[in-house]
Amino acid sequence: MLALFIRDMRLGIRAGGGALVGVLFFLAVVAVVPFGVGPDLNLLARIGPAILWIGALLASLLGLDRLFQADREDGSLDLMVLADSRHMLALTVATKCLAHWTASVLPLVIASPLLGLFMNMEPVGIAATTLTLLVGTPAIAFVGAVGAAVAVSLPRGGLLVSVLILPLAIPVLIFGVSAAYGAVADPNPFLPPFMILCALTLGFAVVGPLAAALALKFGLD
Amino acid sequence: MRLIAENLGAERGGEPVFSGVSFELSEGDGLVVTGPNGSGKSTLLRVVAGLLPLAGGAIRLDGGGEDWPDLQAACHYLGHQNAMKTALTVEENLRFWQEFCGAPHMEIAEALEMVGLPQVASLPFGYLSTGQKRRVSIARLLVSWRPVWLLDEPTAGLDAASEKQFAALMAAHLQDDGIIVAATHIPLGLEGVKALRLEGATRC
């Protein structure tokens with residue numbers, strides 16, 4: 001399993017892996033927002049957490065469709081399914097999700113404090129948003145695996161994967177943003193939505209790989 | 001250890017590809033599956049590997065013991081694709097498959113030596129020629145031990161010398177009490193193996 005994690009990390013980071021594309025997309029989305037809404041600093045600070053979350057959500061959807069497709073095209077996926085009795089396929093899927101998250105989503109989380117400054121957010125708000133992104137984005141990767149597994153045989157499945165999993169990612173977005181607001185705006189609580197966000201991630205970490213493994217097994221041809 | 005297939009049938013998109021295929025292989029037996037294009041050679045191998053559902057019949061591995069509880073666990077499958085990443089070096093690719101498949105058999109350098117490519121270990125896989133890629137993919141069969149090899153057109157892209165080398169590797173595997181099922185339309189140069197000919201579905 002560690003070998004698979006290291007291999008996927010290497011593939012993500014090396015040329016053509018596309019790990020940096022997500023960060024660039026995230027940067028582009030957040031950087032154009034101030035130009036769009038105008039230089040109202042209070043407004044920017046208020047919508048900051050939401051913009052960061054939407055940017056991170058969209059950026060982490062990029063490249064999800066390649067999660068299994070690349071392995072299917074070169075035949076590796078067959079061998080992973082064959083190895084089911086040695087490494088349960090759901091665990092293989094979970095490892096691939098984690099590697100995808102580390103290579104292409106973790107950089108987004110690391111970049112988000114800087115982008116929070118662009119949005120004129122307070123230090124507490126920046127810290128809260130970064131924390132919620134750190135906890136919440138793995139859920140998107142695990143849900144995304146299901147979409148990627150269902151669309152694995154479609155050559156242009158990229159947008160389809162995003163549309164398929166977006167409804168499932170909405171709760172993550174809602175609770176992520178409300179926890180981030182809870183840390184700044186006074187009457188709103190931080191802990192309850194944050195705990196629900198953690199629960200979502202843990203739940204999807206179990207359900208996502210299992211469902212994706214089933215979809216992969218029945219999707220072979 | 002025995003690989004037993006009884007009355008296998010398979011279909012593609014609702015159309016039967018073949019039916020009533022039976023064979024029985026024990027340790028040291030090879031089976032060469034031949035037939036015209038579209039007769040279901042690849043489908044048969046994927047059915048045996050469990051990558052496609054059976055439309056009829058049964059297939060099982062007897063006497064695998066604790067190490068090889070089922071057929072899937074005991075298989076090396078060499079398909080049309082090489083299952084290697086072009087961005088990684090040959091050694092990284094082989095090391096990954098060795099660790100992922102477990103049951104290490106040969107060192108990577110040794111396996112590359114066996115397929116006649118000792119000098120390519122540090123090159124990215126994408127830089128190799130078609131035949132070299134195929135030989136690296138054959139080296140994958142050697143780095144981890146599996147008793148059953150399922151080979152789909154294994155010699156595609158190989159030159160005459162490499163074909164001979166590969167025939168020797170297969171013979172050595174059979175000698176080690178392995179089982180080989182190979183689909184091909186080129187003679188593989190294996191002696192003393194069983195043959196199965198698929199005639200293909202009757203066409204209008």
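1. A cavity is a set of grid points where a 1.4 Å probe fits but cannot get out, and its lining residues have an atom within 4 Å of such a point. In this sense, the second largest cavity of the structure is lined by B:M114, B:V115, B:R135, B:I138, B:L158, B:S162, B:Q165, B:F166 and B:L169. The structure under review is a predicted model.

2. The second largest cavity holds about 40 Å³ of space. Two elements of chain B, α4 (130-143) and α5 (160-175), each give two or more residues to its lining. Of these, α5(B) gives the most, with 4 residues. By class, the lining of the second largest cavity divides into 6 nonpolar residues, 2 polar residues and 1 charged residue.

3. How many cavities of 30 Å³ or more are there? The count comes to 2. The largest cavity contains about 110 Å³ of space. Its lining is made up of 13 residues, and those closest to the centre of the cavity are A:L79, A:L82, B:C75, B:C101 and B:R146.

4. Which elements supply at least two residues each to the lining of the largest cavity? They are α5 (76-82) of chain A and β5 (75-78) of chain B. The greatest contribution comes from β5(B), with 3 residues. The lining of the largest cavity comprises 7 nonpolar, 3 polar and 3 charged residues.

5. The aromatic rings deserve a separate point. A pair of such rings is described by the distance of the centres and the angle of the planes. Over all chains, the structure has 4 aromatic pairs. One of them joins A:F190 and A:F194, with 5.1 Å from centre to centre and 20° between the planes. This pair counts as stacked because planes under 30 degrees apart are placed in that class.

6. Chain B contains an aromatic cluster formed by B:F96, B:W97 and B:F100. A residue of chain A also takes part in the arrangement at B:F96: A:R7 lies over the face of that ring, at 4.4 Å from the ring centre.

Definitions and conventions. Residues numbered from 1 in each chain as written. Chains lettered and ligands numbered in written order. Predicted model: local features only at pLDDT ≥ 70, side-chain atom pairs only at ≥ 80, totals over all residues. Heavy atoms only, no water. 1 Å grid on protein atoms, 1.4 Å probe; cavity = no way out; pocket = protein on both sides within 12 Å on 5 of 7 lines; lining within 4 Å. Points joined across faces, edges and corners; volume = space filled by probe spheres on them. Nonpolar A, V, L, I, M, F, W, Y, C, P; charged D, E, K, R; others polar. Phe/Tyr/Trp six-rings, centres within 6.5 Å; stacked < 30°, edge-to-face > 60°. Lys NZ or Arg CZ within 6 Å of the ring centre and 35° of its normal.
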